Amino acid sequence: MIQRDDQGRKRARAAPWLLLGPGMLFLFLFFFFPLYTLLEMSLSASPSRFASPVFTWEWANYSEALTQYGEQFSRSFLYATLATLAALAIAYPLAYVIAFRGGRYKNVLLGMVIVPFFTNFLIRTLAWKTIVGDQGMVVDMLRTVGILGEHESLLRRPIAVIGGLTYNFLPFMVLPIYVSLEKIDTRLVDAARDLYSTTWRAFRKIVFPLSLPGVFAGSLLVFIPAAGDFVNAYYLGSTKTTMIGNVVQNQFLVQVDYPVAAALSFVFMAIVMVIVAVYSKLLGTEDIA
Amino acid sequence: MTDRQAMIRTEALRLARMAGTPRWSRRQFLGRSAALLGVAAVGPAILAACGSDESSGGSGKSVTVSNWVDYMAPKSPKAFTDGTGIELKYKEDINDNNEYFAKVKPNLSKGESIGTDAFVLTDWMANRMINQVKWVQQLDDAKFPNKANMRVTLQKPPFDPTRAYSAPWQSGLTGIAYNIKETGKEIRTLDEFLAIEGSTTVLAEMRDTVGIFMLATGADPSVPTHADSLPAFDKLQKAIDDGSIGGTNGNEYVNDLASGNLAAAFAWSGDVAQISRDNADVRFMIPESGGMLWSDNLMIPSTSEKPGLASEFINFFYDPVNAAVLTNYIQYIAPVDGVEDELIKMGGSAAKLVDDPLVVPTAELLANVKIFGGLDEEEEVQFDEHFANITGTG
């Protein structure tokens, strides 16, 4: 009896590890190991351009990454911030309407948010190029009302890149906000009303704070991939809108400088981690960051 | 802690798992990429293992060729198989010299197969493949008798003086393409191009863009040095800074020119020949100060076990009859003597191509174009870094 109990307890103790096993193995093989080789690469140097880099604690790669690409780093984070704010401004009302006024069309509306995702990311970006292209409706309209001059374009400007980023990552903002709004007990709002709260005040004091975790999740889901994106800047931007992803691409593919490209990737990851930590502190969700 | 706070907390913790999602996705992404890389590394080996041995002969013979998009006439692969009995696996997997180099580097640097028996790369990359990294092997001249048809001007490039390792697939010109509806007038010089009010781009291929700027500033790109090219880089920098040039472009300029998204762009001749068939507003010119001439060269990777079959492949397209079929479709400059006669024999629109200087360049046009010369490793790094700096990625 006692023996069996012991066995049972042993088994119970082993269970979490067994369950974690496959995931941990996967992570080790396909995340930590590549990350380690990337780290090693970032501290390597090539004796010549086409020779394989050799590990030499080459910290100079990091000083190059940190000093020479400040412009592209700050641009990446600025564009990603603006795209995140724009996505939030569009997504919140949308998610609100779907959650509280969607009724039986909820699933259809949610489906419509996701439908663009059935299209390839690249195709969506190229479609955006057509939308804001010189022959497109948007530019035509802006030229007619005089906001754009006759030879001015939207393409190859920062606004095209930020617009593309917003558009491409919008569903990542809508879905988490929707989930957090949908879970809110509407009786709380009714109670606020009973206590003579205005609709706006009820929103401000009840609905919005309760939806903050969704806003937090959504902003991260938009911000992080947007900051590292290079496709939008490549197709919609110009030489003055290049982001850090474009620099990494150029270092890898054109200049064949793998160590600097790897160092840039690590600096980027470090900055993202700091930003996320600060952000979670500010939003009061330090438990979950 | 009040109940409400507790509720918010629980809710927040639940959503924390969602907040973790981006990092999870990235992990998955990285993991999957790594897995894909693994497959990419193993794939060619499997492909190579599946490929039949060259000596087996008969219907089992097959050769794999990697080339650029839109660089083959639709009927030619079948004609090749019918004519030679060799099965052809034709891949359009080259979009960019640098990108392709990065793609094959991991395997070729270790002497592993890349699953292809021939690839087609531009002069300067051919120089890197033949003389710097040495990842290519000689063509089998015994299987390439039509080499005799190679145009004299292409027979002795500095990077491969006897054409032992490479054979031009097609040649082309780099100049300026413009949509006359947008520019309102003909463009003849680089300065007129820079003065265009609408959107313009230059090519992301450093040698094409810098070469034309070097010619306009009196430098000679056929013997390039970084010191000589400084005025050209300054002119380019100024044009980008003051907005005369909107950005850089790869092959995408083709659609943008036709649709009017671009008024003008640095462009490759064959692309423009193809669009101007449908859109007469799009025109191509070589600036008065000069344009660039380049060739894309077929080479055999050192890891291919079928150099003979790959040589038979290029031999087939050095027969003027087959070369003319290609020219009629892709409208670049054929590297093969006798193509003009075959085009005339084909009649119709093919015969008209003979009068198109972009397809059959005149002597005066050829006198006004240069081939970008070889760069040693140090100079190449200087050129690449300077260009990356100006175009926003350096």
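Colleague: In this predicted model, which residue of S3(B) stands opposite B:Ser66?

Modeller: Residues are numbered from 1 along each chain as its sequence is written, and chains are lettered from A in the order in which they are written. In this predicted model, local features need pLDDT of at least 70, and side-chain atom pairs count only at pLDDT 80 or more, while totals for chains, interfaces and linings use all residues. Strands are DSSP runs (E, at least two residues), and helices are H or I runs of at least four, numbered from the N terminus. The residue opposite B:Ser66 is B:Phe119.

Colleague: In which sense do S3(B) and strand S10 of chain B pair?

Modeller: Two strands pair if DSSP finds at least two bridges between them. S1 (residues 62-68) of chain B and S3(B) have two bridges, in the parallel sense. With S10 (residues 291-301), S3(B) forms four bridges, and B:Leu121 stands opposite B:Asn297 there. The sense of the S3(B) and S10 pairing is antiparallel.

Colleague: How many residues of strand S3 of chain B are buried?

Modeller: A residue is buried if 20 or more other C-beta atoms, placed from the backbone, lie within 10 Å of its own, exposed if 12 or fewer, and partly exposed in between. On one side of S3(B), B:Ala118, B:Val120 and B:Thr122 are buried, as are B:Phe119 and B:Leu121 on the other. The strand spans residues 118-122, and the buried count is five of five.

Colleague: How many helices does chain A have?

Modeller: Along the sequence, chain A follows the pattern α-β-β-α-α-α-α-α-α-α-α-α-α-α. Its secondary structure includes two strands, and the number of helices is twelve.
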